[in-house]
Amino acid sequence: GSLFAFEMLSTLDADMAVEYDENGDFAGFSIDRSKRGFVRGLITTRYKFARYFSPELYNAPANLDELFAQNDVELFDLEVDPNEVQNLASAGLRDENTALIEEFNAQLNELIAAEIGLDDGVSVEEWIDYYQTRTAQNACHAHLCDHGKTLRLLM
């Protein structure tokens, strides 16, 4: 199967906001990192399996209890359900699909280890630090004055 890995902070929190200090200078941004919007998934010709997790909790669940405690889970049979309507990992169908869920979870963990290595979110935290530093440095150069009005650009 193929690994699908998706991390985008701007889609994680619809309430994400850029913050300015009392002088109007960039002070950072707020985002609710507890929301489960990052994805690790495995796609085969027949199935699509995905774990949605919080950027605060990168994980490689070893069993079903860990899997469902730390992730929102999807499993679709693309042959029977090409429109992905019936989630085989939903509460009502989970028990009858336990073996399949365990199999795909184990395969996904192996694929992540092989293709990503240590999947701990450090690159995301480095990006956040870089973005906030870069934006703060550019904020003082990003004021365009037009007849006494200040327009702020985020780089």
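Author: A salt bridge is a side-chain nitrogen of Lys or Arg within 4 Å of a carboxyl oxygen of Asp or Glu. The model shown above is predicted.

Reader: How many salt bridges does the structure hold?

Author: The structure holds six salt bridges. One of them joins Arg40 and Glu7, with 2.5 Å between the closest N and O atoms.

Reader: Where in the chain do Arg40 and Glu7 lie?

Author: They belong to distant parts of the chain, 33 residues apart. Arg40 is in strand E4 (residues 38–43), and Glu7 is in the loop between strand E1 (2–6) and helix H1 (9–12).

Reader: Is Arg40 buried or exposed?

Author: Buried means under 20% relative accessible area. Arg40 has a relative accessible area of 3%, so Arg40 is buried.

Reader: Which residue meets Asp72 in a salt bridge?

Author: The partner of Asp72 is Arg36, at 3.0 Å from N to O. This pair also links distant parts of the chain: Asp72 is in strand E6 (residues 72–77), while Arg36 is in the loop between strand E3 (26–30) and E4, 36 residues apart. Asp72 is partly exposed at 39% relative accessibility, and Arg36 is partly exposed with a relative accessible area of 32%.

Reader: What is the N to O distance in the salt bridge of Glu84 and Lys48?

Author: For Glu84 and Lys48 the distance is 2.7 Å. Glu84 sits in the loop between E6 and helix H3 (98–115), and Lys48 sits in strand E5 (residues 47–53); the two are 36 residues apart. Glu84 has a relative accessible area of 28%, which makes Glu84 partly exposed. Lys48, at 25% relative accessibility, is partly exposed.

Reader: Which residues do salt bridges with shared partners join into one network?

Author: The network consists of Glu7, Arg40 and Asp119.

Reader: Turning to the rings, how many aromatic pairs does the structure hold?

Author: There are six aromatic pairs. In one of them, Phe38 and Phe53 have ring centres 6.1 Å apart.

Reader: Why is the pair of Phe38 and Phe53 edge-to-face?

Author: Planes over 60 degrees apart count as edge-to-face. The planes of Phe38 and Phe53 stand at 85°, so this pair is edge-to-face.

Reader: Which strands hold Phe38 and Phe53?

Author: Phe38 lies in strand E4 and Phe53 in strand E5, so the pair ties together parts that are 15 residues apart in sequence. Phe38 counts as buried, at 0% relative accessibility. Phe53 counts as buried, at 3% relative accessibility.

Reader: What are the centre to centre distance and the angle between the planes for Phe38 and Tyr58?

Author: For Phe38 and Tyr58 the values are 6.3 Å centre to centre and 80° between the planes, and the aromatic pair is edge-to-face. Phe38 is in strand E4 and Tyr58 is in the loop between E5 and helix H2 (64–70), so that distant parts of the chain, 20 residues apart, are linked. Both Phe38 and Tyr58 are buried.

Reader: Which residues do ring pairs link into a cluster?

Author: The cluster contains Phe38, Phe53 and Tyr58, linked by ring pairs.

Reader: Where does the charged end of Arg94 sit?

Author: The charged end of Arg94 sits over the ring of Phe68, at 3.6 Å from the ring centre.

Terms used:
Residues are numbered from 1 along each chain as its sequence is written. This is a predicted model: local features need pLDDT of at least 70, side-chain atom pairs count only at pLDDT 80 or more; totals for chains, interfaces and linings use all residues. Side-chain values use heavy atoms; hydrogens and water are left out. Helices (H or I, at least four residues) and strands (E, at least two) are DSSP runs, numbered from the N terminus. Buried means under 20% relative accessible area, exposed over 50%, partly exposed in between (1.4 Å probe, protein chains only). Rings of Phe, Tyr and Trp (its six-membered ring) pair if their centres lie within 6.5 Å; planes under 30 degrees apart count as stacked, over 60 as edge-to-face and the rest as tilted. A charge sits over a ring if NZ of Lys or CZ of Arg is within 6 Å of the ring centre and within 35 degrees of the ring normal.
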